[in-house]
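Keep the viewer open and try each task before reading its solution.

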Amino acid sequence: MAVAGAAGFPMIVRGSALGLNGSVPASDRIVMAGIGYGMQGGSNMRDFLALNGVQWVAVCDLDDRHLLKAAEAVNQKYGRSDCATYKDFRELFARGDLDAVSIAVPDHWHAILSISAVRAGLDVYGEKPLTHSLREGRALCDAVKRYGRVWQTGSWQRSVDNFRRACELVRNGRIGRIQRVEVGLPPDHTDFARTFGQEKLEPPPPELDYETWIGPAPRAPYCKARVHMNWRWNMDYGGGQLMDWVGHHLDIAHWGLGFDTAGPVEIWGKGEFPASGIYNSPTRYWVETLYPDGTPIILAGGFPEIQRGTKWIGEYGWVWVDRGGFESQPAHLVHEVIGPNEIKLYRSRDHFQNFIDCVRNRAATIAPCEVAHRSASVGHLGVIAIETGRRIRWDPETETIIDDPGAERLLSRSYRKPWQLPA
Amino acid sequence: MKSSNISRSLAAYLLALAVIAGSPARSAAQTASAEASLDIILKELSTYDGGIDSAAFWRLRHHVHARLDSPAERRQCETKLLEFLATGATPQAKLAASRMLRMIAGDRSVPVLEPMLLAESTADMALYALQAIPGPAADAALLRALSATGGTTRLAIIAVLGARKNAEAVPALAEQLKGSRDSASAAAFALAEIGNEAACDALSASLAGTEATIRPVVSTALLKCAERLLAARDAGSAGAIYETLLDDPALAAPIRRAAMSGRISAAGNQAAANLLEQLQKPDPEMLEAAISMIVHVFEPGAIGPVCNLLPRLPERAQVQLVSVLTAYPREMTLPALLQAARGGTEPVRIAALQALESAGDASATAFLAGVAAKTRGAEQSAARSALARIRDRSADEAVLELLVAKPPDDVLSELLLAVAERRIFAAKGDVARLLGSDSSKVRVQALKALRTIGTPSDIPALLDFMLDAGSDIERTEAETTAAALAQKVANPDGRAGAVKTRLAREKDPGMRALLYGVLRRIGDDSALPLLRTALKGSSAAEVDAAVRALSGWPTAAARDDADLLARKSRDETHRLLALQGLIRMIGLQRHRKPEAAVAELKTASRLARRPEERKLILGLLPRFACPDAVDLAKRFLRDRAVQAEARAALDRIRTQLSN
């Protein structure tokens, strides 16, 4: 593929000069790089590296340890030693030879990085939640559209057969009109990095560019518990379990209802928070939403009565799906096959391959930007409802909160200087 | 929403609130916040260092949140927080206070916050609050500060003016376009956010005179402005901006592509002509974006000229265009897609076959069956998928016609696959006749198709076929199909009826043994007495088949039979089969008291002489997590052959118990 690079740089011939990579002609390979290797980035890169026709040329991270480990994985894959390393994403985007980039960084960096990437003409595989604030989500969708880029969100459940089949059953009316949807998400905080309790303030380690890591978020002193992986539990960098999972199970709920580009009109909720420490995302939460057609969707974490996964409850029964679980009432529904003349949903058998296919044929991916924005929006609005303690009325068309200026303030965030959302 | 839905949702919500309110951690914090005065909280907060000892921060948060709905109390909080910003509290404490102000501050806060903008150390705090304060007072303060600050603070103020869409700021921001690279970039993005006519004019005016490093930023800002103009139906002004950017060869391709797309969007009734012209230009940089524009520009009936371009485009563009054409009526696109599927390069052929899935109709079925028969890999997979999923009812009839037209065996097999995938029930008679085909491949495919479109009435014929089958593959397929059709009998106790009838007149022990295998696959518990009787028979083949059927029984109804066989059988193979079956069946009863299941597994473990069976038991234990399961798993820790499995089981059991 030949696409010019970032602003101000001359066009460079893409991966055609690079050898390797199976049977796909060099000129046909999708040249990729990754940003963020502290958590999901490494796993995403491994999945891409396993595909024919992908050439990984560079890695980018603010932590030298992650950076070197990622570069080592790439070099090992190709039996070479020339994977480029970057700490500054702007230098990476300025290479000019990339087709696409995989981004898996803390949420507070999603929008700035992603908009910068699409401005540089790159297609993006980006982790969920789409952005750290609702307004950022709209800005990112606009940018993806403006620059005609292919976007795939890491909502990979859409590429798993059971989830698609469950959605097709619901869409084809097997359980009748939907009366309620229950979305069960995880509660609490998980000690991914085994740094819980390591909240002693100390100078950042030399291998980490902490100043940039904090980036647009409010200044805060370094401690181990704040950064890698467990950043997710602090609302300055992540969104807790609610925002982490809304891009999975609520996304599936939307898919089954045909609400991919819709949104709720009312949202209210309540959360339970830690009493101290540096983590401030809810550990238990209950969010209720109401959609324009009267369908209520409940999202809950930490309430046993709401089963983990997505459950559509209809006039004639229910369908429930989760990772490794797919059940229905009546039970035989899960075995029913959708006929050729019924609604068949977009089928992707491999989330990463789907992205690469779409980079090639420029079709929409199975989890495009607008769809991810709409599912993330429900999480953002849930957080605002919890934060304000008020019932939020929302206009999904104009994406504005109705008659609540206080809540409206929470639709966006301020960036620490000098960071700014690009156009 | 129906009233029952409302009440159900409301009940659940109230329950959730009750649970939350009852939480000890929450109630302690809330009680504390309610009781402590804001003065006390702020005093405690004043030494906050941003670390773990954040209880005061949480109390402040609760205190402020509890007062959000009361204007008077909000105002009181605002006053205290502003006073706090002037104290000697730590920067982290003041930052915490300013973030609360972000939610509640009004015009009264502006005079306090404005001076804070001038100091590097306090500017962020002031901006967090000021950005959210609506109204001209905050706007004016930010504008005043713009000229009084420098460095990163000025950049941040520029960004906030943009985020607030402050139209009054346009002249000042336009000035900043002439400043340093950083200021100019920030100002360009801010002007794009404001996006009014004046902002667009300022950006346009600066474009020509801007140094090369800033031009891309100003250009992207102009793209955003042009979108706003277009949305406001000022296509002329938007088009002019797009033309300017498109005509600048120095700009990077992403910007020029966006400008080209925008220009076509702004072209009104000339859009289709412009796009068609663009599609014919030998400019690969623009081609991709031009193809992406097709669906936005060409009406369904006008796509013909674009279809005609397909074979003339480069390979990658053909792949892209084929994908786009699926959005158009099939009568307009089908000839072009069929041509691409026949004559294109491999990637184009595959893309076209995939497109036929939605764009194909009955006329494509013969072609697709032929391609599926003669190709392999991705091309075959695409052809099969298209044949199965063509959304045209007459495609079913076309498949039926082809089925009886005596096509080559390879094609026939593909058609049978399509019959099953498409659920063509009307094909049953023809498919059944194909069980007599000379080709084993066709017979196997016919059996598979019958699995989907057959009914229980077909079981007797299938049993006959199975007993006469010349190969294990066909016998297994027939057995699977008979068992699958039996599952369609509504009454679970009637599913084995046809097999029982056949058994009643079958005398040959070998044949009877085969029929026991079908009973096992069906799992109709009413057939168990028949198998128990067979255990006592004189035919070794029948006894062996009965043991295998009971050991492999799909429900726990044969648990006692397996238990007995595991204890008493003198044949070691039968004993092991039964023991494995017993362990499996214990695992099937998931909803029992875990202690009862563990007790049975413990008994089974005494019969397990080989590590293989002990591993099966360990694999099941976490399913019945309880203290007894822990004890049983621990016993295996001393057994070297299963030590690793025992550790893994213990971990899983403990994890489940801790949850």
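**Exercise 1.** How many residues does the contact take from chain A, and how many from chain B? Then work out what the chain A side is made of.

*Solution.* Keep in mind that this is a predicted model. Start with the totals: chain A brings 61 residues to the contact and chain B brings 76 residues. Next, look at which elements of chain A take part. Strands S7 (178-185), S8 (266-272), S9 (284-290) and S10 (296-301), together with helices H9 (351-361) and H11 (405-408), each supply at least two residues of the side of chain A that touches chain B. S9(A) gives the most, with four residues. Finally, sort that side by residue type: 30 are nonpolar, 16 polar and 15 charged.

**Exercise 2.** Find the order of the strands in the open sheet of six strands in chain A, and explain why S3 and S6 each have one side without a neighbour.

*Solution.* Reading across the sheet of chain A gives S3-S2-S1-S4-S5-S6, with parallel pairing. Strand S3 (84-86) and strand S6 (151-153) of chain A are at the edges and have a single partner strand each, so one side of each lacks a neighbour in the sheet. On average, neighbouring strands are turned by 20° against each other, direction ignored.

**Exercise 3.** Take the pair S1 and S2 of chain A, and find which helix lies across S1, S2 and S3.

*Solution.* S1 (residues 30-35) and S2 (residues 54-60) of chain A run parallel and are joined by six bridges. For A:Gly34, the bridge partner in S2(A) is A:Val59. The helix is H2 (residues 64-78) of chain A, which runs at about 165° to S2(A).

Technical notes. Residues numbered from 1 in each chain as written. Chains lettered and ligands numbered in written order. Predicted model: local features only at pLDDT ≥ 70, side-chain atom pairs only at ≥ 80, totals over all residues. Pairing = 2+ DSSP bridges. Axes fitted to C-alpha atoms, helices over the stretch in contact; angles between N-to-C directions. Contact = placed C-beta atoms within 7 Å. Nonpolar A, V, L, I, M, F, W, Y, C, P; charged D, E, K, R; others polar.
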